[in-house]
Amino acid sequence: MCPGYSGTRPPRCRSSSSSSSSSARGTARPNPALPAGRGGGGAQSHGTLGTNRGAARGSLTRSAAHRPQQRGPHGRPPQHGAAPEAAGRGGMAAVPSGLFAVYKAPGVAWNRVRDAVEARLLRELNAAPARPPRSRIRFLPAASAGPPGLVAVRVPVLAEHRLVRGPRFTQLKIGAGHRLDVKASGVFVLGVGHGNKLLSHLYSCHLSKVYTVRGQFGKATEDFSDTGKLIEKTTFDHITREKLERILAVIQGTNHKALLMHSHIDMKTQEAYELAVKGLIRPMGKSPPIITAIRCLQFALPEFQLEIHCLHETQQYLRKVVHEIGLELKSSAVCTQVRRTRDGVFTLDDALLRTQWNLQSIRSAILDCQLRVKTELEKTMGHWDGSVLQEMDAETAHTADS
Amino acid sequence: MAAAAVRRALRAARPPAVSQRGLAKPAGPPSARQLREADEASPIFQYVGKAVKRKDRVFVWGFSYSGALGVPSFVKPDAGWKKPRRIQATPYRLETDEKITSAACGYGFTLLSSNTTDITKVWGLGLNKDSQLGFQRSIRDRTKGYEYVLEPSPIPLPLEKPQKTRVLQVSCGRAHSLVLTDSEGVFTMGNNSYGQCGRKVVEDEIYSESHLIHQLNDFDSRVVQVVCGQDHSLFRTKKGAVFACGWGADGQTGLGHYNITSVPTKLGGDIAGVNIVQVSSYGDCCLAVSDEGDLFGWGNSEYLQLASVTETTQVNVPRHLPFKIGKIKEAACGGTGNIVLTEEGAVFVWGYGILGKGPNVTETAVPEMIPPSLFGWSDFSSDVRVARVRCGLSHFAALTNRGELFVWGKNLRGCLGIGRMEDQYFPWRVTIPGEVVDVACGVDHMVSMVKSFM
């Protein structure tokens, strides 16, 4: 009565994914008393075909009796849950996790950039070849030509077919670091998967960011940029580089004072003195925007370019600073470009261009920056419990494996 | 027909509007063309011309009730809503008629001087109980003088050529002041109970409301610097010699004895024959710098100021201080602490009190360097160096080459000008809207001469 299936290859059950060996194992012999649709499966992947057949036999037999026998050849029970699914139906298609930086172009909102990266990653992850569909043995009525009875037939499990279930990934958790407004451009840090947790840790490190800001003397506008409504035009031929640098020195001085004051350290302690000598006093909580360093890179009337290192700033604040520099110089200035060249540990070299927003480059970018992010977090949060750092170590091991 | 003609005429009479937005068109961000047209149509304003000159300003801060700040409304408010301001904690601009080239802060009073050839060259403000500001005739009673001068008031100097002589420098002590001119010697006024004004001590002399201003001309060469200690005076001449007069109980006159001197006498000791280029004193200790960068000190040493060379607490002969810190460029003496600036731009402090190296360093006999990063030096701005150092009675001030003022020390009645009333244990920036050119430190107030940015 039983069909001859001794020559068939055993189907790869799901539990075999976590162990890398895929050599021949014992056949998961389906119990003839039970519907064959249960072979090696977890709870989720039941196709309707199997269920229907099982329903004919009665549900009790399905749930209680068969589970202890549904063991893979290694005796390990099949694992439930989606996690193994993500990790290993095709090792190359694993979801990356970590922090990386992209270059945001001016004129596009930050959430569009985030969505575009997410869409691109989803497309590539879904396009990655899935592992070959499982098959199962079903006992189907024999062809009308031959003798009546059931014939063992190998059919693919349609329950796992892509057209039935839809794409494997419909959503990726991509978080954004410090945002950039529409007119600004530059390094934009994104976190994917488990890296999102690191985003908040990096934020609490309160690292400074570096911007190059271009300005133009002679105009004052409503929103401090050159595309705003014009308020006033002024002369600027009296401005020299020396005068500009004098103003920048004062800005740096007053901001340095604000840096020390907002760090909420008692200035009367020896600890405060030692930190001030090393220059390590920094506000580690919320504070108004503070410029830690500012200098003039280029000066060619009416245009000039500044490099600004700042904390807790917004790009509009930097445009306001340009406007105020113009006022101090008894003229007026508008900001023509705000470009972030560095965000904490991520520099322009680490930022991925639009042509590089693909899985491979993102993965390698994450790997490149991992060590730097880890050392920075350790330096700042050295006194915290090591749980975050342990997570990071697990991350490193995980991505190294896959 | 007629109505139409009227309407046409009315429409023609109205001037055409500059930019008409039809109501059918929605408002929105200006297009590039609109921006360009607005740009070209608007007038250009000129706020300053190409040859704009930087203005000279004076900023004061500290204790105001003595009148030393020169703002009468702080002491006697002139409007109902104003309240008396005992302490001005941040720099406040003082309006002056002339450009002030030299300022000095004494114990509760200030002298401001300008090197102009006008008749009025020196202004005094603050305490005048010993006529340290000369005779300030009271308006209410023409025979009496003011005890407190609340506004900068001219000091009438008995100059022979008032329209040719220039005042180079002023200096103030506890109750006396010195005015240095370029061709008529030194004028002294104020208390003379210890001979600090360089004239014979008169017993039971009444110093308040006194018209007496003494002139000192008898030196080996022209006097180029005058310095007032607490109750003594030091004169440095062009030949590099130092003269002293006044109280000597701590040896601050450096003449080899502990008595009063009422006639300026030349100092000997280790500075005999040495070309001294700078002298400094404010309390009872004195420092002198030679042209080769050596440092000499004499006077009070109770606070370890001279403990590196001697155990005695009063040194009445100038002694060479062999510190191995490099060539000294400038030195400043305070009440209990001293500060020097070397040729490389390093700042060293020693003595007693809040020295600027944190709360733990309260006394040291050997100079300790204050790290340059506290003065704004960093990898980013590595050309910042300290250019001048000054000392008040219990606080210090340093000026950098970028025109920034750093202060530290005891914040007596807000004299640091940092906006807080607490003591400052390491150098802290004072926010002044301008580039600081010079600063004068007193006991509880400070005066700074500032150039505006533009």
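**Close-up 1. Cys441(B), a buried cysteine at 6% relative accessibility.** Buried here means under 20% relative accessible area, exposed means over 50%, and partly exposed lies in between (1.4 Å probe, protein chains only). The closest cysteine sulfur to that of Cys441(B) belongs to Cys391(B), and at 7.1 Å it is too far for a bond. Before we move on, a word on the model: it is predicted, so local features need pLDDT of at least 70 and side-chain atom pairs count only at pLDDT 80 or more, while totals for chains, interfaces and linings use all residues. Residues are numbered from 1 along each chain as its sequence is written, chains are lettered from A and ligands numbered from 1 in the order in which they are written, and side-chain values use heavy atoms, leaving out hydrogens and water.

**Close-up 2. Cys245(B) and its closest cysteine sulfur, in Cys197(B).** Cys245(B) is buried, with 0% relative accessibility. The gap between the two sulfurs is 7.8 Å, too far for a bond. A disulfide would need a pair of cysteine sulfur atoms within 2.5 Å, and the search of the whole structure finds zero of them over all chains.

**Close-up 3. An edge-to-face aromatic pair in chain A, Trp110(A) with Phe188(A).** Rings of Phe, Tyr and Trp (its six-membered ring) pair if their centres lie within 6.5 Å; planes under 30 degrees apart are stacked, over 60 edge-to-face, and the rest tilted. Over all chains, the whole-structure search finds 16 aromatic pairs. Helices (H or I, at least four residues) and strands (E, at least two) are DSSP runs, numbered from the N terminus. Trp110(A) is partly exposed at 26% relative accessibility, whereas Phe188(A) is buried at 0%.

**Close-up 4. A stacked pair in chain B, Phe396(B) with Trp408(B).** The ring centres are 5.6 Å apart with planes at 20°, so the pair counts as stacked. Phe396(B) sits in strand 25 (residues 395-400) and Trp408(B) in strand 26 (residues 405-409), 12 residues apart. Both residues are buried. Ring pairs also join them with Phe375(B) and Phe406(B) in a cluster.

**Close-up 5. Two arginines over aromatic rings in chain B.** A charge sits over a ring if NZ of Lys or CZ of Arg is within 6 Å of the ring centre and within 35 degrees of the ring normal. The charged end of Arg413(B) sits over the ring of Phe63(B), 5.2 Å from its centre. For Arg420(B) over the ring of Trp428(B), the distance is 4.7 Å.
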